[in-house]
Amino acid sequence: MLESYKIARSNNEEILYLYLNVDYEFGEDLEEDDLEKKARSYLVTHDIKFNGNKIIFIVNGISTKMITIENNKTYLNDYAITLNTKEKMTIKEVLLSLLFSNINLSLKEETLKALTVLYRGEIIYNLNSNYLDINKLSLSYHNYNYYKVTYPETYKSKFEIFNKVIDRTDGEYLINNGKPIKCFTHLVSNGYTEEDKSIPYTVKKESLWDLAYPNYLQKKIYSIKEFKERLNLKSDNFNIKITSISNSNRIKELDLGEKKIDARNLAVYLDLPSTDITIIIKKDYLTFITRGIGSGLGLSIIGADNLAELGYNYKQILNYYFKDVSLVVKK
C-alpha cells in the first residue's frame, strides 16, 4: 500500500515523492495517465498542497517511475465534495461507496462500466455546488470503508475492480436535453424494460435474457386477513380490479373497492419484487406470482451482463437501454 510521501525542492522546483510497497496497485504496469489520475486522487484525498510538476514513485526504496503533470489539469474523480454526513470525499470515493453498496454479483467489466457511468450521473444530478445529500440518491449508500471492515476477505479484489472501472470511465455520465439523467436500473426485467412517459429517456426494450435468471419467477401467498391488514382494508367484501396496465405488461393501478392503489405501492406493502403480477384469488388466501425484480425502468443489470457477454461495450449497453441520451466527458 501507499506508505508515505515527501515534497522536496530541487532548482527551485517542487518534486513529489510517493513511497509505496510492492503490493500496492501503483506497482502494476500502468499507463502514465493512469498513474497521474491515481496520484492526483491521493493528493486530493490527503489534502496535500503540491505546486510542482514532477512525481516520482518509490517502490520499496527504489525509484521506479517519474511522471510530469500539468498543475492546472484536474479530473472529475478527484473533485472534492461534502456529504450531509459531514464527510469530505472525492467523487471517486463516493462512487466506490455506491459500487460496494449496490453490487453484490459477479459482473463483467463492461457491465460495471455502464453502471459506474449511471452512478456518476446520479451523483452529479444531485450535486449542489460541492454538497451532496446522500439521502436524495436513488441508490443504497454505505461508506466503502464499512466493507473493508465487514468483508475483509473480498474487499481487496472488489476494490481493485471498482477502481479500474471508475478510472476507465473518469468524467463520463449520460445527459438528456443537456442535463444529467437520474440513475434507473433494476436487476431483472420481465423480458421487456418499462417506458415511463414522464421520464423521457426510458424506453420499452426487449431483454429476453432476463427470463433465464433463477429468481425471475416468484410466488407469495397471503391470507385474506393478512392482505387486508397490510393494505389497511376494513370491508369484508373487497374486490381486486386491475384498472391500468403498462405496455410492458406491468400493472400500474388497482381498484380494491375501498380505494385505488398504485401497483408500486402494492409491491412495497406486500414485499413483491415486481409489478408484473398475476393475482389468484381463493376463498381464504391470495397468491401473487411476479416476473422480474425491480421497477423495470432503465438498465436491466442481468440483461446488460448478457449483452457484455455478446461483445457489447459499455457505451453500446447504455445506448441499448436508454433513448435520447448522450455520453459526455467532464474533465
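Predicted model: local features only at pLDDT ≥ 70, side-chain atom pairs only at ≥ 80, totals over all residues.
Residues are numbered from 1 along each chain as its sequence is written, and side-chain values use heavy atoms, without hydrogens or water. Local features need pLDDT of at least 70, and side-chain atom pairs count only at pLDDT 80 or more, while totals for chains, interfaces and linings use all residues.

Let's begin with confidence: pLDDT is the predictor's confidence in each residue, from 0 to 100. The chain averages 89, and 90% of the residues score at least 70. Over residues 24-29, however, pLDDT stays under 50.

Now for the rings. Rings of Phe, Tyr and Trp (its six-membered ring) pair if their centres lie within 6.5 Å; planes under 30 degrees apart count as stacked, over 60 as edge-to-face and the rest as tilted. The whole structure holds 12 aromatic pairs. In one of them, the ring centres of F100 and F162 are 5.0 Å apart and the planes are at 85°, so this pair is edge-to-face. F100 and F162 also belong to one aromatic cluster, whose members include Y144 and F159. Both F100 and F162 are buried (under 20% relative accessible area, with exposed over 50% and partly exposed in between; 1.4 Å probe, protein chains only).

Charges can meet rings too. A charge sits over a ring if NZ of Lys or CZ of Arg is within 6 Å of the ring centre and within 35 degrees of the ring normal.

| Charged residue | Ring | Distance to ring centre |
|---|---|---|
| K204 | Y192 | 5.0 Å |
| K205 | Y320 | 4.9 Å |

Finally, E122 is buried, with a relative accessible area of 0%.

Terms used:
Contact = heavy atoms within 4.5 Å.
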